[in-house]
Amino acid sequence: MITFTVNGQEQQFEGDPGMPLLWYLRDVRGLTGTKFGCGEALCGACTVHADGAPIRSCQTTVGDLAGIAITTIEGLSPDGMHPVQVAWRDLNVAQCGYCQAGQIMSAAALLKDTPHPTDTDINDAMSGNICRCATYPRIRAAIKRAAASRTAPGKSAAQGAAVKGSADK
């Protein structure tokens, strides 16, 4: 039996330990926010967090998860108010939206470890997430807005950006 958590809930799995985490999340748990993209860990559509670090769920097996805390897009923020999610909405980042959950999970992990990322930090962290619609300028802007909002606790991303902008003058 493999024991791990998904979005804070303990899971006990007795099935095939070779099952990809992506299929466990989507087919067993019904958490369909995580998407299947390439199936080769190259596009990032299936990105989730394992103990806070971004991983590709298409290439991670359930057998690798003993004692690990998995967070999906559904668990990032129960009300969808994580600063990255707010910035994504504020800037209308999504176009077709297919890659967005993976993009948001990678961006959230970046900001957790690097609260004020440079363009190079963003490029490095997001390089494994492919957007077929090429919304990369909006993705970068949203990450910067989310970073700015985190410097102003209790404010929305837009309010935080305004507060940070006024503080910079």
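**Helix packing and cores**

Helix α4 (residues 100-113) and helix α6 (residues 136-149) have axes that come within 11 Å and cross at roughly 40°. Axes here are lines fitted to C-alpha atoms, for helices over the stretch in contact, with angles from 0 to 180 degrees between N-to-C directions. That angle makes α4 oblique to α6, since angles under 35 degrees count as roughly parallel, over 145 as roughly antiparallel, 65 to 115 as roughly perpendicular and the rest as oblique. On the α4 side, the contact (heavy atoms within 4.5 Å) is made by Q103, A107, L110 and L111; on the α6 side, by I139, I143, A146 and A147. Of these contact residues, 7 are nonpolar, 1 is polar and none is charged.

This is a predicted model: local features need pLDDT of at least 70 and side-chain atom pairs pLDDT 80 or more, whereas totals for chains, interfaces and linings use all residues. Residues are numbered from 1 along each chain as its sequence is written, and side-chain values use heavy atoms, leaving out hydrogens and water.

Let me turn to the cores. A nonpolar core is a set of buried Ala, Val, Leu, Ile, Met, Phe, Trp, Tyr and Cys residues (buried: under 20% relative accessible area, 1.4 Å probe, protein chains only) joined through side-chain atoms within 4.5 Å. The largest has 22 residues, and V84, W88, I139 and I143 have the most contacts inside it. Helix α4 gives the largest share of this core, 7 residues. Apart from it lies another core, of 14 residues, including V6, L25, I55 and L65.

Definitions and conventions:
Helix = DSSP H or I, 4+ residues; strand = E, 2+ residues; numbered from the N terminus. Nonpolar A, V, L, I, M, F, W, Y, C, P; charged D, E, K, R; others polar. Buried < 20%, exposed > 50% of the residue type's maximum accessible area, 1.4 Å probe, protein only.
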